[in-house]
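Please keep the sequence and the structure at hand while reading.

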Amino acid sequence: MRLATLRRPRHEPPLPGLHGTARVQRRADAAARRARPGDVVVLEHLDLDGTSARLLVDARVGAVVNAAPSISGRYPNLGPQVLVAAGIPVLDRVGAEVMARLDDGEKVRLDGDTLYRGEEIVCRGQLLTGASVADAMEAARAGLGSQLAAFAHATTEHLRRERDLLLDGSGAPAVRTPLEQRLVVVVASARGADRELADLRPWLRDRRAVLVGVDEGADALLAASLRPHIVVGDPRRMSEDVLDCGAEMVVRADLDGSAPGLHRAEQAGLEPVVFTTGGSDEDAALLLVEAHEPALVVGVGWHPTLAALVDSQRPDMPSAFLTRLRLGDRYVDASAVITLHRRPARTWPLWLLCVLLLGALAAVVVVAPASTPVGDWRQQVVDRVDEVINR
């Protein structure tokens, strides 16, 4: 006799929702470096910017849980729109306590507006949709004016602090590599620099350009089989291959004189030059190059549009803005060079086609039967040649 009521299924049905491993990190850019495809990234990132969101998309994360408001309303930041457009669920405004309740590496699942650990509720929030993001962006545009005013004030303060460097170029250190009236290519560590560099290689092939790598941008040069002449930034962000490639090293120091990466460069047996500036490593590289009167500077890897300046909310954006003004018409974005430069068309396929056509025509003439017009024409040619020879 079977006791059906005592039987249990061997496998319980899986719990609903999106399952993944939690990656707990305050900032989105740091989480993207650690995330694996399908991970549920747990952040506390106020006003998620577009650049960080694209890094998460590239990392192919499964979902994003933000303890802070992804759009606070201060200005129309682009991050949530990028994630939602890529089909990545975003659970927003879940509260700061989630950062303490979850451990990195735990298994979690996202079901609707709730994040679970197994069957335990970890937090609830607002699940963003295309419509809700559009509404929040529209409301945030009202705060754009005050944001631009704050940006203008920060730009003025930065110009006051580094007036001599930005207006006169004084303060930039000397380097051994000749830069005067040379073409200089500065490769930043930003997203997409490797692709731009690959597209730029045909144009670089015929030019004796000075190559400058900034942080991980130096590794991008090596990956493209191009050896940098100068590397600028924080040696801690550079690989051993960069430190051993023989390039001249320039370490950026903050205005207080601290240069945390200097020790690593000295340990590698290098004699680095220290450049003190309050801007980013990319801006330090551009100002260093500009101070030595180059003919043209091509920037690879970062495109500072007005939307990017306001969206990213980085404290070094005033420096980026003023640095581009300092370079003026000497600075050209790599995307413009790639668009304008067209690789010369190769002619050997056309010649090969002509040879093949001539060969096919000769074969038709040779094998054509004598009763055909081609065969009759061939016989006439043969007879005419015989007459000429026998004269």
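## Salt bridges

Arginine 330 and glutamate 293 form a salt bridge through their side chains, with an N to O distance of 2.4 Å; a salt bridge here is a side-chain nitrogen of Lys or Arg within 4 Å of a carboxyl oxygen of Asp or Glu. This pair links distant parts of the chain, 37 residues apart: arginine 330 lies in the loop between helix H14 (317–327) and strand S15 (331–333), glutamate 293 in the loop between helix H12 (281–290) and S14. Helices (H or I, at least four residues) and strands (E, at least two) are DSSP runs numbered from the N terminus. Glutamate 293 is partly exposed because its relative accessible area is 36%; buried means under 20%, exposed over 50%, and partly exposed in between (1.4 Å probe, protein chains only). A network of salt bridges with shared partners connects Arg23, Arg34, Asp39 and Asp104.

The model is a predicted one, in which local features need pLDDT of at least 70 and side-chain atom pairs count only at pLDDT 80 or more, while totals for chains, interfaces and linings use all residues. Residues are numbered from 1 along each chain as its sequence is written, and side-chain values use heavy atoms, with hydrogens and water left out.

The structure holds 21 salt bridges. One of them joins arginine 117 to glutamate 106, with the closest N and O atoms 2.7 Å apart. These two residues, 11 apart, link distant parts of the chain: arginine 117 is in strand S6, and glutamate 106 is in the loop between helix H4 (98–101) and S5. Another salt bridge brings together the side chains of glutamate 138 and arginine 141 at 3.3 Å, N to O. Glutamate 138 counts as exposed because its relative accessibility is 54%, whereas arginine 141, at 45%, counts as partly exposed.

## The eight-stranded sheet

An open sheet of mixed pairing is formed by eight strands in the order S7-S6-S5-S1-S2-S3-S4-S8; two strands pair if DSSP finds at least two bridges between them. At the edges are strand S7 (120–124) and strand S8 (126–127), each pairing on one side only.

Strands S5 (residues 107–111) and S6 (residues 114–117) run antiparallel and are joined by three bridges. S6 also pairs with S7 in the antiparallel sense, over four bridges. Leucine 115 in S6 stands opposite leucine 110, and its bridge partner in S7 is cysteine 123. Two residues separate the strands in the hairpin of S6 and S7, where glycine 118 has a positive phi near 70°.

## Threonine 21

Strand S1 (residues 18–24) contains threonine 21. Threonine 21 is buried because its relative accessible area is 12%. Its side chain makes a polar contact of 2.8 Å with the side chain of lysine 107; a polar contact is a pair of N or O atoms within 3.5 Å, where within protein one must be able to donate a hydrogen and the other to accept it, and residues adjacent in sequence count only if both atoms are side-chain atoms. Beyond its neighbours within four places in sequence, threonine 21 is in contact (heavy atoms within 4.5 Å) with Gly38, Asp39, Val40, Gly105, Glu106 and Lys107.

## Helix H8

The buried residues of helix H8 (residues 193–204) are Ala193, Glu196, Leu197, Leu200, Pro202, Trp203 and Leu204. Their cover includes strand S9 (183–187), helix H9 (216–223), strand S14 (296–300) and helix H15 (334–340).
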